Number of protein chains: 2
Amino acid sequence: MSHPKNAFYAQSGGVTAVINASACGVIETARKHSDKIGKVYAGRNGIVGALTEDLIDTSLESDAAIAALRHTPAGAFGSCRYKLKGLEESRAEYERLIEVFKAHDIGYFFYNGGGDSADTCLKISQLADKMGYPIQAIHVPKTVDNDLPITDCCPGFGSAAKYIAVSVREASFDVSSMAKTSTKIFVMEVMGRHAGWIAAAGGLASSEDCDLPIVILFPEVVFNREKFLDKVNEKVKRYGYCSVVVSEGVKTPDGEFLADSGMKDVFGHTQLGGVAPVVATMIKDALGYRFHWAVADYLQRAARHIASKTDVEQAYALGEAAVELAIQGENAVMPAIIRKSDVPYQWEMGKVKLNDVANIEKKMPLSFISEDGFGITEACRKYLQPLIAGEDYPPYNGGLPSYIRLRNEAVSKKLAAEFKVG
Amino acid sequence: MSHPKNAFYAQSGGVTAVINASACGVIETARKHSDKIGKVYAGRNGIVGALTEDLIDTSLESDAAIAALRHTPAGAFGSCRYKLKGLEESRAEYERLIEVFKAHDIGYFFYNGGGDSADTCLKISQLADKMGYPIQAIHVPKTVDNDLPITDCCPGFGSAAKYIAVSVREASFDVSSMAKTSTKIFVMEVMGRHAGWIAAAGGLASSEDCDLPIVILFPEVVFNREKFLDKVNEKVKRYGYCSVVVSEGVKTPDGEFLADSGMKDVFGHTQLGGVAPVVATMIKDALGYRFHWAVADYLQRAARHIASKTDVEQAYALGEAAVELAIQGENAVMPAIIRKSDVPYQWEMGKVKLNDVANIEKKMPLSFISEDGFGITEACRKYLQPLIAGEDYPPYNGGLPSYIRLRNEAVSKKLAAEFKVG
């Protein structure tokens with residue numbers, strides 16, 4: 001019997017609260033099928049690790065350590081922002097990857113990332129075939145941006161959405177308490193440069209059993225200062241206060257980022273601050289209301305302590321399914337979440353060809369944005385609600401979550417040539 | 001048998017994740033002693049509600065609703081920023097308060113706040129006595145600033161500290177994953193204009209079992225640009241990345257807030273942004289490292305979802321003790337947490353005279369700041385650790401915490417005169 005091929009796994013792009021849950025799903029499932037899959041090597045700092053032959057031997061980690069990945073945020077093996085381009089332009093890199101895989105007897109390539117990595121994954125599969133060293137390339141979806149097509153949602157998004165919904169609810173309770181004599185406006189800046197998925201989650205803070213005045217600024221809706229100020233004022237008149245959720249990607253009618261419109265550093269450069277203080281100051285200047293503002297930044301995608309149970313389960317299941325697809329002989333595919341019903345939320349694991357995923361961006365449907373442009377519709381709520389459902393708390397030690405850090409021991413190099421990245 | 005006197009309860013100043021737990025302690029305990037205490041009336045929007053005779057009848061709330069206050073953040077009856085001054089200057093207001101209390105047969109005054117409210121509480125007790133309508137005035141401590149003397153800590157602080165420690169740990173894991181090719185610096189701005197208690201909590205993110213590179217900028221330490229940049233660079237060289245926790249109160253050698261030093265709006269006004277982007281840009285300009293930054297603002301004091309169990313228990317116990325002190329006939333006192341041991345953390349309920357609390361600010365001991373000025377000492381860790389210990393999760397519904405909103409029905413007014421506030 002021939003020795004089973006090894007597998008390579010890498011994390012790509014911005015990390016999330018649950019990308020390690022997918023890693024856990026990949027590694028635990030591979031361990032169950034040791035007759036089919038040898039060792040799982042992880043790329044140290046994503047694909048850069050493969051290019052530089054800096055591989056991590058995950059077989060040296062205990063079962064308990066791998067299990068702990070399920071409740072640990074961020075990328076346990078390191079990620080990277082390193083985009084491989086087309087086959088022509090980045091040929092040397094693709095070829096190097098296949099050389100490294102060949103040297104380490106790697107027959108499976110699991111790439112955990114967003115749209116760009118789906119494309120890379122597809123290209124590796126194509127080129128490997130041409131180079132006579134076939135590799136089964138499976139993409140594992142991940143992105144807080146929630147912009148991959150076909151799959152119901154992308155792991156990482158549900159937890160970011162839950163964090164934003166919970167935070168906006170809590171801050172709204174706070175500003176509500178202060179509004180009589182002090183702060184009337186709370187502005188929260190959220191991620192999403194191209195799409196308003198995360199901003200929309202702020203709308204969930206207000207629900208049937210907990211009505212809150214929330215105004216959302218979506219990147220999909222061109223910013224209209226007058227309409228926005230009117231809407232905020234209307235909420236303050238009715239509720240006494242207002243919470244504003246603003247996407248970093250909101251643009252002015254000129255097509256500029258609103259974030260860039262208000263501030264200059266001492267040398268006259270724009271930028272520095274985020275869009276939250278711009279919006280807060282605009283309200284203060286026009287309406288006179290005192291404000292507070294927050295920028296969640298990494299906190300929203302790293303907040304494993306308040307991760308969505310749905311999200312954790314799906315992230316794990318997608319890692320598991322990726323390995324199962326590989327064992328079934330699949331190539332150039334991605335496991336995907338297929339929604340069967342909204343209430344109760346039911347989903348099953350599907351399979352998508354990478355050809356149908358790569359370079360296709362899922363936009364937020366405009367039917368998810370209320371007619372006035374400042375809120376979410378029932379359709380949006382129906383879509384989002386199950387994705388933030390359930391809690392999945394990490395274990396704690398001394399008041400802090402116990403997140404695992406792996407040993408991450410390197411695999412001995414086999415290639416003579418160094419490879420210069422970037 | 002004479003009808004027992006009613007009680008008045010009000011929330012003052014910035015609200016916290018657990019001030020309602022104190023309210024819960026006050027009201028539940030008063031209900032247990034209905035032979036001694038009649039109804040508990042709450043001030044709508046704090047002391048402003050008393051001045052305007054806008055009282056809330058908490059007896060109309062169910063036991064379940066009152067119990068739910070224990071897990072609900074912010075001020076359920078509304079708070080206010082309204083400082084009563086000295087007896088001379090604010091005499092009309094003090095006299096009005098006592099008139100209102102008299103009209104509603106209020107014999108107990110429970111004031112839930114920080115240093116200023118302790119002072120108000122003391123003055124009310126003194127003046128009431130002089131005016132021939134004695135009121136037992138008990139202060140219930142609360143403040144994320146943790147600056148009341150004698151008590152081991154102030155309710156609200158432990159939960160804010162836990163939020164900051166957890167968030168800094170999570171964001172550090174995130175930036176660690178990204179550092180190879182992208183972000184190397186994460187800057188988190190925290191509250192504490194006068195004292196570094198909350199900033200110090202950022203230091204807890206790094207622990208014996210989870211070493212992280214964290215640099216703290218305290219308001220107690222005059223900002224030194226060169227030393228700071230050297231320290232950050234040293235961490236990046238050693239760990240590959242660095243997290244910076246910066247207090248909003250950090251000052252330059254000129255005595256200016258560092259937050260004001262970097263930014264101007266388009267009209268040339270300073271301010272707008274916080275100190276986080278100033279620090280992040282400074283690092284980028286000097287060292288070239290890519291950064292991300294977050295401003296937690298209200299999120300840190302409203303985050304009931306990650307409240308400290310110690311904090312919730314103490315907040316409740318202080319509310320309970322306040323009522324018990326009142327029943328014992330005490331006046332012009334505050335219940336306080338007395339620490340008996342660090343490990344295991346043991347505390348008992350004490351009692352402090354308001355004379356010994358009012359207008360005295362507890363500073364963070366300089367022995368809590370490491371010699372280089374950028375970290376916390378073992379003594380600090382020993383003090384802080386128990387305060388963030390334990391989790392006390394709220395119930396959830398559909399992915400979101402179920403926070404109670406009370407009916408807050410008004411008590412009928414009895415006084416003819418209106419009172420104009422402010």
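Modeller: Buried means under 20% relative accessible area. The model discussed here is predicted.

Biologist: Is A:Ala74 buried or exposed?

Modeller: A:Ala74 lies in the loop between helix 3 (63-68) and helix 4 (91-103) of chain A. Its phi is near 70°, a positive value in a residue other than glycine. The relative accessible area of A:Ala74 is 1%. The cut-off is under 20%, so A:Ala74 is buried.

Biologist: Which loop of chain B holds B:Glu53?

Modeller: Phi of B:Glu53 is near 55°, a positive value in a residue other than glycine. B:Glu53 is buried, with a relative accessible area of 2%. Its place in chain B is the loop between helix 2 (47-51) and strand 3 (55-57).

Biologist: Is A:Arg193 buried, exposed or partly exposed?

Modeller: The UniProt annotation "binding site", from an unreviewed entry, includes A:Gly192 and A:Arg193. A:Arg193 lies in the loop between strand 6 and helix 7 of chain A. Its relative accessible area is 37%.

Biologist: What does A:Gly192 touch, not counting residues up to four places away in sequence?

Modeller: A:Gly192 lies in the loop between strand 6 (185-190) and helix 7 (197-202) of chain A. A:Gly192 is buried, with a relative accessible area of 5%. With residues up to four places away in sequence left out, A:Gly192 touches A:Pro219, A:Ser247, A:Glu248 and A:Gly249.

Biologist: How many of the 19 residues of helix 11 of chain B are buried?

Modeller: Helix 11 of chain B covers residues 309-327 and reaches 27 Å from its first C-alpha to its last, close to the 27 Å expected at 1.5 Å a residue. This helix is largely enclosed by the rest of the structure, because the number of its residues that are buried is 14 of the 19.

Biologist: Which residue caps the N-terminal end of helix 11 of chain B?

Modeller: Just after helix 11 of chain B, B:Gly329 takes a positive phi of about 90°. At the N-terminal end, a side-chain oxygen lies 3.3 Å from the backbone nitrogen of B:Thr310. The capping residue that supplies this oxygen is B:Ser308.

Biologist: What is omega near for the peptide bond from A:Val343 to A:Pro344?

Modeller: A:Pro344 lies in the loop between strand 11 (333-341) and strand 12 (346-353) of chain A. In chain B, the peptide bond from B:Val343 to B:Pro344 is cis, with omega near -5°. The peptide bond from A:Val343 to A:Pro344 is cis, with omega near -5°.

Methods: Residues numbered from 1 in each chain as written. Chains lettered and ligands numbered in written order. Predicted model: local features only at pLDDT ≥ 70, side-chain atom pairs only at ≥ 80, totals over all residues. Heavy atoms only, no water. UniProt positions renumbered as here; feature names shortened; annotations may be inferred. Helix = DSSP H or I, 4+ residues; strand = E, 2+ residues; numbered from the N terminus. Buried < 20%, exposed > 50% of the residue type's maximum accessible area, 1.4 Å probe, protein only. Contact = heavy atoms within 4.5 Å. Expected span 1.5 Å × (residues − 1). Polar contact = N/O pair within 3.5 Å; in protein donor to acceptor, adjacent residues only side chain to side chain.
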